[in-house]
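Here are my notes for someone opening this entry for the first time. Keep the structure in view while you read, and go through the points in order.

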Amino acid sequence: MNKEMSVVKTLQNFYIFIPYLLKDYYFLNILTKELEEIQNSDSTIIVFFKSCKECYHWHNILKKYNIRSAQVHSYLKPKKRNLNLESYREGRSKILLTKD
């Protein structure tokens with residue numbers, strides 16, 4: 001089977017190496033700057049984490065800074081996952097935190 005695949009032309013994909021001791025600060029700084037840029041547009045942010053625990057951790061950090069985000073990972077019950085995805089799809093949350 002040969003299926004044609006395409007990628008959205010406006011997709012921005014990047015990888016940044018950050019010193020371990022400063023990673024939380026750098027990540028929060030990058031995320032808030034990106035969020036400021038997309039605040040009044042239809043653009044969104046998806047962040048993939050290596051563990052559910054890390055995803056949950058960052059969701060709580062963003063909540064402390066009054067940054068709305070939706071998290072989707074296997075620690076959540078299916079109903080909560082669906083509600084969070086709905087929030088992201090409808091634009092109430094501009095950031096989706098998930099496990100890769």
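1. A word on naming before we start: helices and strands here are DSSP runs, a helix having at least four residues and a strand at least two, and they are numbered from the N terminus. That is how to read a label such as β2, the strand in which Ala70 lies. Please also bear in mind that this is a predicted model.

2. Now the overall picture. The protein has three helices and three strands, and from the N terminus on they follow the pattern α-β-α-β-α-β. The C-alpha trace spans about 45 × 30 × 30 Å along its principal axes. Of the 100 residues in the protein, 31% are buried. If you look at contacts with a separation of 6 or more, 60% of them are between residues 24 or more positions apart.

3. How are the strands arranged? They form an open sheet of three, in the order β1-β3-β2, with parallel pairing. The edges are β1 (45-49) and β2 (69-72), and each of these pairs on one side only. Ignoring direction, neighbouring strands are turned by 20° against each other on average.

4. Next, have a look at what sits on the sheet. Helix α2 (residues 52-64) packs on it and touches β1, β2 and β3, with a direction that makes about 155° with that of β3. Helix α3 (residues 78-89) also packs on the sheet and touches β1, β2 and β3, and its direction makes about 140° with that of β2.

5. Let's zoom in on β1. It runs parallel to β3 (residues 95-99), and five bridges join the two. Ile46 has Leu96 as its bridge partner in β3, while the partner of Phe49 there is Lys99. Which residues of β1 are on its covered face, and which on the uncovered one? Ile45, Val47 and Phe49 make up the covered face, with Ile46 and Phe48 on the uncovered one.

6. Leaving out residues up to four places away in sequence, Ala70 touches Asn84, Tyr88, Ser93, Ile95, Leu96 and Leu97.

7. Asn66 is found between α2 and β2, and it has a positive phi of about 60° although it is not a glycine. Most residues other than glycine have a negative phi. Is Asn66 buried or exposed? Its relative accessibility is 73%, so Asn66 counts as exposed.

8. The largest pocket holds about 1400 Å³ of space. It is lined by 31 residues, and the closest to its centre are Phe14, Phe27, Ile46, Val47 and Phe48. Ile46 and Phe48 have come up already, as the uncovered face of β1. At least two lining residues come from each of α1, β1 and α2, and the largest share, eight residues, is supplied by α1.

9. Last, a residue from the segment before α1, namely Phe17. With a relative accessible area of 74%, Phe17 is exposed. Phe17 and Ser43 are 26 residues apart along the chain, and their C-alpha atoms are separated by 24 Å.

Methods: Residues are numbered from 1 along each chain as its sequence is written. This is a predicted model: local features need pLDDT of at least 70, side-chain atom pairs count only at pLDDT 80 or more; totals for chains, interfaces and linings use all residues. Side-chain values use heavy atoms; hydrogens and water are left out. Two strands pair if DSSP finds at least two bridges between them. Axes are lines fitted to C-alpha atoms, for helices over the stretch in contact, and angles run from 0 to 180 degrees between N-to-C directions. Contact means heavy atoms within 4.5 Å. Buried means under 20% relative accessible area, exposed over 50%, partly exposed in between (1.4 Å probe, protein chains only). On a 1 Å grid over the protein atoms alone, a cavity is a set of points where a 1.4 Å probe fits but cannot get out, and a pocket is an open set with protein on both sides within 12 Å along at least five of seven lines; lining residues have an atom within 4 Å of a point. Grid points are joined across faces, edges and corners, and a volume is the space filled by probe spheres set on the points.
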